Amino acid sequence: MPLFKADLHLHTCLSPCGGFDATPAGVVARAAEVGLDLIAICDHNTVENLPAALEAAHRLGEAAPLVLPGLEVTSAEEVHLLALFGDLGDALTFQAMVYDHLQPGENNPDVFGMQIVANAEDEVEEFNPRLLIGATDLSASDLVSRIHSLGGLAVAAHLDRPAYSLVGQLGLIPPELALDAVEISPRSDPAQAGAWLAGRDLAVLTSSDAHSLDQVGAVYNKLEMARPSFVELALALAGSEGRRVAGWGRRDKDA
Ligand SMILES: [Zn+2]
Ligand SMILES: [Zn+2]
C-alpha cells in the first residue's frame, strides 16, 4: 500500500487570522510545490474559499493535491473541531447550518482581520461580513453528530494546545464523543499524543494549521492507503482494510 503526504488543516485569507498571501489558489499551488498529495482547507466556520481552491486544483491538473472541503468549526464550549467532507455540497450544507448557529454580529476587520473571499485568479470577490472568529451555540457533541449525519469526519483540533482545544476547554475528551481522529499541533510530537488521549484509542494526526504560505506542509501525515481520496482517508483514520496513519513528518527534518 503506498504512502501519501497529507496536511489536513490549512487556512486561507478568508479566516480573519489568515495571511493575505494565503489565497485559495496560492495555498493549493504551495501544497503542490512542497509535495503534498492530500490537503484539507479548513477556514473558521466557512467553506466560501473552497470553490476557488477546487478550481485552482483542477487547473493544476496532475500536479495538484486532492483538495478536501473542510471547516474549523467552533463549539459553544469554544472547542475547535475540524469537519472534513468528501464533497463540496455536503460542506455547503454544513456551512449553512453553522451560519444559522453562529454568534450574531459583524466582523470588525480592524480587530480580527479581513475575511477575503477570493476567486481562482487571486482576485477579491467579496469580504465575508460574518463573525467567523466567534463560536456557534452548538455543543461539541452536537457538532460531531451533525458532521457525521452529512457523511463527514470529525477531528478534535490541536488537542495539545491550552486554548480552543477539547482538553484545554473541557479538561478531557468526553468519552461519548464519537471523534474520527485527534490532531496534535506542530508544537508537539504526535508520537506523544497518549499524554492528551487519556486512554482513548483514536487515530492521531498532525497538521500545520498554516495561516500563511510558508507554513503549508510544515508538518504532515503519512497515510498508507490505495489513493488520495476521502473514502480512503476515512478508512485510514479507522485503521480499516489495511489503511492507516503510518507516521508523521516535518518538512524541516526532510533531507
Ligand atoms: Zn484552531
Ligand atoms: Zn486552524
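What follows is a chat about the structure shown above.

Visitor: What should I know about the model and its numbering before we start?
Guide: This is a predicted model, in which local features need pLDDT of at least 70, side-chain atom pairs count only at pLDDT 80 or more, and totals for chains, interfaces and linings use all residues. Residues are numbered from 1 along each chain as its sequence is written, while chains are lettered from A and ligands numbered from 1 in the order in which they are written.

Visitor: OK, how many helices and strands are there?
Guide: The protein chain has eight helices and eleven strands, where helices (H or I, at least four residues) and strands (E, at least two) are DSSP runs numbered from the N terminus. Its radius of gyration, taken over C-alpha atoms, is 17 Å, close to the 18 Å that the globule rule (2.2 Å times the number of residues to the power 0.38) gives for 255 residues, so the chain is as compact as a globular protein of that length.

Visitor: And what share of the residues is buried?
Guide: Buried residues make up 49% of the 255 residues in the protein chain; a residue is buried if 20 or more other C-beta atoms lie within 10 Å of its own, exposed if 12 or fewer, and partly exposed in between, with C-beta atoms placed from the backbone.

Visitor: Which residues have the most contacts inside the largest nonpolar core?
Guide: They are Val28, Ile39, Leu81, Ala83 and Val155, in a core of 76 residues; a nonpolar core is a set of buried Ala, Val, Leu, Ile, Met, Phe, Trp, Tyr and Cys residues joined through C-beta atoms within 7 Å.

Visitor: What is Ile39 in contact with?
Guide: Leaving aside neighbours within four places in sequence, Ile39 is in contact with Ala6, Asp7, Leu8, Leu10, Ala31, Pro65 and Val67, a contact being two C-beta atoms, placed from the backbone, that lie within 7 Å.

Visitor: Switching to β1, which strands does it pair with?
Guide: Strand β1 pairs with β10 (residues 219-224) in the antiparallel sense over four bridges, and three bridges join β1 to β2 (residues 38-44), these two running parallel; two strands pair if DSSP finds at least two bridges between them.

Visitor: Why is β1 called largely enclosed?
Guide: Seven of the eight residues of β1 (residues 3-10) are buried, so the rest of the structure largely encloses this strand.

Visitor: Now α8: which of its residues are buried, and where do they sit around the axis?
Guide: In α8, Phe230, Glu232, Leu233, Ala236 and Leu237 are buried. They cover an arc of only 155° around the axis, which puts them on the same side of α8, the arc being that of the directions from the helix axis to the C-beta atoms.

Visitor: Is Glu241 buried or exposed?
Guide: Glu241 is exposed, with 12 other C-beta atoms within 10 Å.

Visitor: And what about Tyr164?
Guide: Tyr164, in the loop between β7 (153-156) and α6 (166-170), has a positive phi near 60°, and Tyr164 is partly exposed, with 18 other C-beta atoms within 10 Å.
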